[in-house]
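Morning, everyone. I have one structure to go through today, and I will take it from the overall layout down to single residue pairs. Please have the sequence and the model open.

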Amino acid sequence: MTSVAADTSTATTRRPFVGMAALFAYLASILAANWAITYIGIVPVGFGLLAPAGVYAVGVTLTLRDLVQWSLGKRAALAALTVAAVLSYFIADPTVATASAAAFLVSELIDFVVFTWLAPRWATAVFVGGLAGLIADSVLFLLIAFGSLSFLPGQVLGKLYGVLTAAIVIAVRRKWLGANPVRLQ
């Protein structure tokens, strides 16, 4: 079995083009989620459930952080999270930005630890880390932003769409192209 250190050791073994694209997509997805919550509000997510509008972007965000960590390293992933939290205050309601920053900090750190632990098993790492992150993010965000967990089922379901889709795409891609999650350079 490959060690995590071998898979996430230095940026020189990474794919800088993919990493930078993932980094900008990661930042954009966090900002889009916070903007959507502030300016769109509540949306249906299926099965009669509702959630804050940023829910769809956050499901993708959890996976993009994993790709940033894999391609650019742990420091880049943590720095990007910090930058996104600060920028959120310029585009979103302050309560939403604060709730988002706190929820992302805790959930992304949980996802970071789980992903790092499971990284050699890429699709599993994305799914399990994303699942742990989306639950923590949902609970913290809803409590801080709304003072209630009434949207929790919809919040979890909406985010799960993005995490499941990413894990399936990664698993299929790895099956067809081999173990390397990204083959661009």
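Before counting elements, a definition: a helix here is a DSSP run of H or I with at least four residues, a strand is a run of E with at least two, and numbering starts at the N terminus. The model is predicted. With that in place, the chain has seven helices and two strands. Read from the N terminus, the order is α-α-β-β-α-α-α-α-α.

Some totals next. The chain has 185 residues, and 47% of them count as buried. Its accessible surface is about 8,600 Å², with 75% of that on carbon and sulfur atoms. If we take contacts between residues at least 6 apart in sequence, 73% of them join residues at least 24 apart.

Now the annotation. An unreviewed UniProt entry puts the feature "transmembrane region" at residues 17-37, 43-64, 76-92, 98-118, 125-146 and 152-172. I checked two of those spans against the model. Residues 76-92 are 94% helix and 0% strand, and their end C-alpha atoms lie 24 Å apart. Residues 125-146 are 100% helix and 0% strand, with 30 Å between the end C-alpha atoms.

On to the strands. Strand β1, residues 42-46, and strand β2, residues 49-52, pair in the antiparallel sense over four bridges. Gly 46 has Leu 49 in β2 as its bridge partner. The hairpin has two residues between the strands, and Phe 47 takes a positive phi near 60 degrees there.

The surface has a nonpolar patch of about 360 Å², made by Leu 78, Leu 105, Val 106, Leu 109 and Ile 110. Which helix gives the most to the patch? That is α5, residues 94-118, with four residues. Val 106 sits in α5. Its relative accessibility is 36%, so Val 106 counts as partly exposed.

Last, the charged pairs. How many salt bridges does a search of the whole structure find? The search finds one. Asp 137 pairs with Lys 159, and the closest N and O atoms are 2.3 Å apart. Asp 137 lies in helix α6, residues 122-146, and Lys 159 in helix α7, residues 152-177, so the pair ties together parts 22 residues apart in sequence. Are the two partners buried or exposed? The cut-off for buried is under 20% relative accessible area. Asp 137 is at 3% relative accessibility and therefore counts as buried. Lys 159 is buried as well, with a relative accessible area of 0%.

That is my part.

Conventions. Residues are numbered from 1 along each chain as its sequence is written. This is a predicted model: local features need pLDDT of at least 70, side-chain atom pairs count only at pLDDT 80 or more; totals for chains, interfaces and linings use all residues. Side-chain values use heavy atoms; hydrogens and water are left out. UniProt positions are given in the numbering used here, feature names are shortened, and annotations may be inferred rather than shown by experiment. Two strands pair if DSSP finds at least two bridges between them. Patches are made of residues with over 30% relative accessible area and no salt bridge: like charges are joined within 9 Å, nonpolar side chains (Val, Leu, Ile, Met, Phe, Trp, Tyr) within 5 Å. Accessible areas come from the Shrake-Rupley method with a 1.4 Å probe; for residues, only the protein chains shown count as cover. A salt bridge is a side-chain nitrogen of Lys or Arg within 4 Å of a carboxyl oxygen of Asp or Glu. Buried means under 20% relative accessible area, exposed over 50%, partly exposed in between (1.4 Å probe, protein chains only). Contact means heavy atoms within 4.5 Å.
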